[in-house]
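Subject: Handing over a structure, with notes

Dear colleague,

I am passing a structure on to you, and I would be glad if you could look through it alongside the notes below.

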Amino acid sequence: MPWKKQLCTSSISVCVKRENDVGGFFDYDSVIHYKFIPEGQTVNKELYLEILKRLRYAIRPKRPEKWATNDWFLLHDNAPPHRALIVKKYLSRHSVTTLEHPPYSPHLAPAEFYLFPRLKVKLQGHRFEDSDEVIENAMKQLKDLSKNGFQGCFEQLYDRWKKCVDAGGKYFEGQ
C-alpha cells in the first residue's frame, strides 16, 4: 500500500491532555475510543496502559477489518507514559505497530492541529455547572465531527510528515 494511503487509512492517533481532560483515539473515519481523565489524576504509565487495553477492545467492534488483519498503527507522541517499558511490551506483545514521533513536534500530532482546536471552538464561551456537563458536551461534539474532517486531518498529517522527512527530521518553524 502506498505510504500516503497507509498513513491516511491505517493510522489511529492518540490525544491525551492533562488531568481533568480527555484521552482519545481516532482514525480517518471517527473517534474510536475516548476516556475522560478524572480530576486530580495524572496520565501515568499504568493509566495509559489501561486506556490502550480499552482501545484494543474498542477496535474489534468498530473496525473489525482492522482488528482481523491487524492493519493499523498507533501514532502517539513521546510523552513519558507512551515510552514506558510496560507500554512498549504490551504493544509489542499484541503486535501493535507504532509510528515514531519526533520530539518537540506538536504540529505532527493530529489531536493538536485538528481535534482539540475544533473542540475548543465548539465549547468556547459556554459555562458549565460541573465536570459531568463538560463531559456530556464534549462527547456530543466528538460525535458531531464529520468523517470528511477526519479524512482531511490525516491528509494534513501526511503533508506535515512529508515536510518533516524533507527537513531530515530536524526542527523547523511553522506547518
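Predicted model: local features only at pLDDT ≥ 70, side-chain atom pairs only at ≥ 80, totals over all residues.

Residues are numbered from 1 along each chain as its sequence is written, and side-chain values use heavy atoms, with hydrogens and water left out.

A search of the whole structure finds five salt bridges (a side-chain nitrogen of Lys or Arg within 4 Å of a carboxyl oxygen of Asp or Glu). Among them is the one between R63 and D27, at 2.7 Å from N to O, which links distant parts of the chain, since R63 lies in the loop between helix 2 and helix 3 (64–69) and D27, 36 residues apart from it, in the loop between strand 2 (22–26) and strand 3. Helices (H or I, at least four residues) and strands (E, at least two) are DSSP runs, numbered from the N terminus. R63 is buried, with a relative accessible area of 6%, whereas D29 is partly exposed at 23%; buried means under 20% relative accessible area, exposed over 50%, and partly exposed in between (1.4 Å probe, protein chains only).

R56, found in helix 2 (residues 45–62), is buried yet has no salt bridge, and the nearest side chain of opposite charge, E50, is 11 Å away; in this count Lys and Arg are positive and Asp and Glu negative, with His and the chain ends not counted. The side chain of R56 does make a polar contact of 3.2 Å with that of H94 (a pair of N or O atoms within 3.5 Å; within protein, one must be able to donate a hydrogen and the other to accept it, and residues adjacent in sequence count only if both atoms are side-chain atoms).

Helix 7 covers residues 131–144, and its buried residues are A138, Q141 and L142. They cover an arc of only 100° around the axis (taken from the directions from the helix axis to the C-beta atoms), which puts them on the same side of helix 7. The face turned away from that buried side carries the exposed residues D132, E136 and K143.

Technical notes. Expected span 1.5 Å × (residues − 1).
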